[in-house]
Amino acid sequence: MNYLNKDEILTQLEKISGRDFVSNKTGDLFIYSQDPGASESRPVDFVVLPKTVEEIQKIVKLANSEKIPLIPMGGGLTLSGLIIPVRGGIVLDLKRMNQILEINELNRYALLEPGVTTGMLKAYLSENYPELQPPIPDAPPSATIAGNMLIHGSGSLSQKYGCHSSMINGLEVVLPTGEIGKFGSCAVSEYWFSKGPIPDLIGLFTSAFGTMGIITKISIKLFPRPKFRDMIFGFTKGFSDLPKLMSKITFTELAEDIMIAKGDVPEAYKNFGMLMVYFAGNSKDEMEFKRKTIEKIFKDHKAQVVPLVGKARERLMAEPQYGAALAADWRKGGGFEYVGSFIPLEKIPEAIEKGTTISRKYGLLTSLLFRLIGRGHAVMFSVTFPFNRSDSKDMINTRKGLEDADKMILEIGGIPWKAELTGQKLILEKMDPNFKKLFNNIRNIFDPNGIMNPGNWEVQ
Ligand SMILES: Cc1cc2nc3c(=O)[nH]c(=O)nc-3n(C[C@H](O)[C@H](O)[C@H](O)COP(=O)(O)OP(=O)(O)OC[C@H]3O[C@@H](n4cnc5c(N)ncnc54)[C@H](O)[C@@H]3O)c2cc1C
């Protein structure tokens, strides 16, 4: 790095955010040099926990004058190393900027600071606006809304309304030059209610992994919470009919969330695909109609419906689901990473076959999940590897499995999601050269000194 003087930089950062919220001590930086996934740890020089937009602007200006990398961080739960600096620098931990600034009940949006977590927003709405629900992932409740939306994200409302990035109405961003940018209706109006009707530049910040600026305010859509929610659980032995079965269900527009799981755990379902279809409504009659219609489609496609009771039902009905946390811990070794991706619906059978082969090849548990996005216009597909953190062989096999999964997904026409560095490199290799050139030009205009999370999306 290009520091003039590390002590001087520390002093400057302390002047900006206060001594209690800046550190360069090894003990404090340890946790920021890694994440819960399988990435190797990488060094961090400073961590700062700013409280205001003005502080962030000053930090960005300092980072520009000293050419220090800046890495914005929400909950740090993405798993694919996106908040671990590639070239050292300052981790901007945004936890302290955690105010829910506005809930606009009638226009159904929430205006949030970047440190607001999914748990905080969910709890606040349940208490104050029980008829509204936020889009949240199955991630632990300490994940931030902004972090999730910015990596595209998916959750229980995604089948119906699309991936989470499509639910962003507007952003306030400290740009890599330190200026403030406003995107969406907030650029014109005092209401943060819509992306348009002006050119949509919000997309520049999604899946950008912190390379285009620091989001300091985000407006997201909220959705009506129906009175009742239920699920149909079932399984299939063969997988070739799954795309048609899924497509038929989406055609009814009756389901809220549709998922397929295929894995070695639980043992009893090892050879089957488990189907989970969630539906919601405002009356018992509506629920009954939805249940009967969807169950009929199950039967027409030779899928078995299984009544679900007790703890299994409780876990599958929870929001966020326990399922994700359980799958994360199957190896009982404290490690968990998955290659997520977006794939076309028709590729589900091939993805099951190839995902299973990769897991077997490296002696890892098979754990595959599909979640339909936007009424079947895409499918979120993940190949999950729980691993034992204290077993170095397990870690190496996991990294190999993740790389193979990235390659397989690109081969079948999908795109790795929130990809780690290897996945990003593979995507860039396959990317249209003109797209790459344009992307590079835009990045250079936004961030002439290359300070924003460098190493990610390196377009050369
Ligand atoms: C058990 C488990 C289950 C999960 N299930 C799901 C799921 O169902 N759906 C899903 O979508 N994800 C899931 N995830 C993945 C991930 O945890 C979530 O997507 C999470 O919401 C990411 O938010 P975060 O605050 O942890 O983001 P971070 O990891 O902190 O950040 C994500 C990226 O955004 C950037 N970033 C963060 N904040 C800002 C900002 N203010 N300005 C600019 N850039 C920023 C970071 O630099 C990074 O590149 C799961 C993870 C776990 C561990």
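Leaving out residues up to four places away in sequence, D35 touches G76, L79, S80, G81, L82, I83, I84 and R389, where contact means heavy atoms within 4.5 Å. This is a predicted model, in which local features need pLDDT of at least 70 and side-chain atom pairs count only at pLDDT 80 or more, while totals for chains, interfaces and linings use all residues. Residues are numbered from 1 along each chain as its sequence is written, and side-chain values use heavy atoms, with hydrogens and water left out.

Let's stay with D35 for a moment. You will find D35 in the loop between α2 (26-29) and β2 (46-48); helices (H or I, at least four residues) and strands (E, at least two) are DSSP runs, numbered from the N terminus. D35 is buried, a word used for under 20% relative accessible area, with exposed meaning over 50% and partly exposed in between (1.4 Å probe, protein chains only). D35 has no salt bridge, and R389, the nearest side chain of opposite charge, is 5.8 Å away. A salt bridge here is a side-chain nitrogen of Lys or Arg within 4 Å of a carboxyl oxygen of Asp or Glu. As for charge, Lys and Arg count as positive and Asp and Glu as negative, while His and the chain ends are not counted. The side chain of D35 does reach backbone nitrogens: that of G37 at 2.8 Å, and that of G81, which lies 2.7 Å from a polar atom of the D35 side chain.

Now step back to the whole protein. Its secondary structure comes to 14 helices and 19 strands, and the C-alpha trace spans about 70 × 55 × 45 Å along its principal axes. Of the 460 residues, 57% count as buried. Among contacts with a separation of 6 or more, 69% are accounted for by residues 24 or more positions apart.

Where D35 has no salt bridge, other charged residues do pair up. Side chains of opposite charge can pair when their charged atoms come close. A search of the whole structure finds 21 salt bridges. In one of them, the side chains of K217 and E172 meet at 3.1 Å, N to O. K217 lies in strand β10 (residues 214-221) and E172 in strand β8 (residues 168-174), so the pair ties together parts that are 45 residues apart in sequence. Both K217 and E172 are buried.

Another salt bridge joins D230 and R291, with the closest N and O atoms 3.0 Å apart. D230 counts as buried because its relative accessibility is 17%, whereas R291, at 22%, is partly exposed. D230 and R291 also belong to a network of salt bridges with E295 and R313.

D404 and K361 form a further salt bridge (2.9 Å, N to O). D404 sits in helix α12 and K361 in helix α11 (residues 348-361), so parts 43 residues apart in sequence are tied together. D404 is buried at 18% relative accessible area, while K361 counts as exposed at 56%.

We finish at helix α13 (residues 421-430), where G423, Q424, L426, I427 and L428 are buried. The buried residues of α13 pack against α12 (392-411), β19 (415-417) and α14 (433-446).

Key. A polar contact is a pair of N or O atoms within 3.5 Å; within protein, one must be able to donate a hydrogen and the other to accept it, and residues adjacent in sequence count only if both atoms are side-chain atoms.
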